[in-house]
Amino acid sequence: MDKTEKKNKHLTLDDRMEIQECLNKGMTFKAIAKRIEKDPTTVSKEVKLHAMKHESAYTRTDETCPKLMRAPFVCNGCEKSSRANCRYPRLKYSARYAQNEYEKLLRECREGVFLNKEAFYRNDAVITEAVKNGQHVYHAIKANNLSVSKSSVYRYINKGYFSVKRIDLPRAVKFKPRSVKREDYVPTKVRKGRQYNDFLDFMKENPGAVYQEMDTVIGSIGGKVIMTFQFINQDFMFGLLLDNKSAAEAALRIAELKKRLSAAETTFGKIFPVLLTDNGGEFSNVFAFENDTDGNRETRLFFCDPYASYQKPHVENNHTLFRMIAPKGTSFDNFTQETVNMIFSHVNAVKRNALNGKSAYEVFCFTYSSKIAEALGITFVDPKNVVQSPLLLNRILKK
C-alpha cells in the first residue's frame, strides 16, 4: 500500500490491534509507527490518550510506577505486569477499549446540543412538565410544537441534560438495554501473512493462479448457517450447512467435503488452490482449510480487510439468487444438507447472460466435471423446471 493512502486517516481497529500486539512485544513507538505507516507522534498520542487504568489485589500503593514516566507509558510488554510482585497501579493499552472510546467520541462530536440557550431551557421546562403529567415524550413534542426530535430528547435525558430523569419515563424503565453479543473474528496472529494485501501480492507473483471466494449466510440468530463457496470464473456456487457459526463446525464440514472430493478422484487443493473470505470466527481454524489429511499445505487462505465485503464481490452478488428462494429472515434450523443442495442446484441452473446463455452448472461441468459437481452436492435441473422464488423452498420443506 502506498504510504500516502494512509496519511491523514483515522486509526482503524486493525491499526489499534497492531499497536497493542507490538506494545506487548516491547517495540518502540518508532518501530510501531513504521508497521502501521503512521507518525511516531500519532502512536504516542494514541497510547497516552487511551491508556486504561487497571488495579488488582496486588496493588499496594497509589504512587505511579517510575517506568510509566517514560515511553511507552503503559505496562504492555513489562515483565512485572503479569506478576504478583508489582505493587503499582497498572496502565494497559487495549485496542478494543481504545476503539470504543474513539467511536464514542465520534458520536458525541456529531450529536451537538441546542445552539440557543434560551430555547434549550424552554424545551427542558416543557418536556419536564409534560412527563410529570404522564405524557409521552412524542406527544409532548407534537402538542407543544417543539423544534426537536424524539431521539434527541431521549438522548438529552439519558445524558442528564434535562431536569427530567430516565426513571421518570414509565415505559423506558420497563425495558432493559439490549445485550449485544460480540461477533467472533479471526485473531490478528492468524491473519498475519494472510491479509488482503498478502492476497494481492500472491496473485501478482502467481498471475496464473485461480482463486475462489467463501462466505457465510446467516439464518436466524444463533441457529444454523450456510457456508458458501463461489467459483468466480464459472459463477458456480454451492453451500455447506453448519449447525452453528463456529470454527469447529466449519472444520468438520470441510473435512467431510475433502473426503467426498477424494472419492471423486480429486483433491480440495486442486479445486480450491486459493480461497478468499472475510474475518468471521468460523474461518479461524485456517489449517482445516489449508492442509490436507497428512498436514501438508494444499490451499492458500486469505482474509479480506474488516468491513470490506466489496473485496469479494462475486460471492456477495451471487447471494442475491439464493435470497430469491430463501429471503432474509428465513430460519435454516429446519434445513438439511439436501435442502441446501437443492436450492443451489436451482441457482446454478439459471441461464446467465454473462455466460453467453449458459448456466453456471454447464460451465462448471465443462471446466471440471459433473462428477465433481455431484461431490459438491449440485445436480442437474432442467431449465424449464427452474424455480427462483420461495415456492421452491416450500416444495422442498413439504416433502
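In this predicted model, Thr339, Met342, Ile343 and His346 of helix α14 meet Leu392, Leu393, Ile396 and Leu397 of helix α17. Six of the residues in this contact are nonpolar and two are polar. None is charged. Helix α14 spans residues 337-348, and helix α17 spans residues 390-398. Their axes lie 11 Å apart, at an angle of about 150 degrees. Angles over 145 degrees count as roughly antiparallel, so α14 is roughly antiparallel to α17. The crossing of α14 past α17 is right-handed.

Helix α2 contributes Phe29, Lys30, Ile32, Ala33 and Ile36 to the contact. Helix α3 contributes Pro40, Val43, Ser44 and Val47. By class, seven residues of this contact are nonpolar, one is polar and one is charged.

These pairs belong to a protein chain with 17 helices and seven strands. The chain has 399 residues, and 44% of them count as buried. Among contacts with a separation of 6 or more, 65% join residues 24 or more positions apart.

Notes: Residues numbered from 1 in each chain as written. Predicted model: local features only at pLDDT ≥ 70, side-chain atom pairs only at ≥ 80, totals over all residues. Heavy atoms only, no water. Helix = DSSP H or I, 4+ residues; strand = E, 2+ residues; numbered from the N terminus. Buried < 20%, exposed > 50% of the residue type's maximum accessible area, 1.4 Å probe, protein only. Contact = heavy atoms within 4.5 Å. Nonpolar A, V, L, I, M, F, W, Y, C, P; charged D, E, K, R; others polar. Axes fitted to C-alpha atoms, helices over the stretch in contact; angles between N-to-C directions. Parallel < 35°, antiparallel > 145°, perpendicular 65-115°, else oblique. Left-handed = near helix turned anticlockwise from the far one by under 90°.
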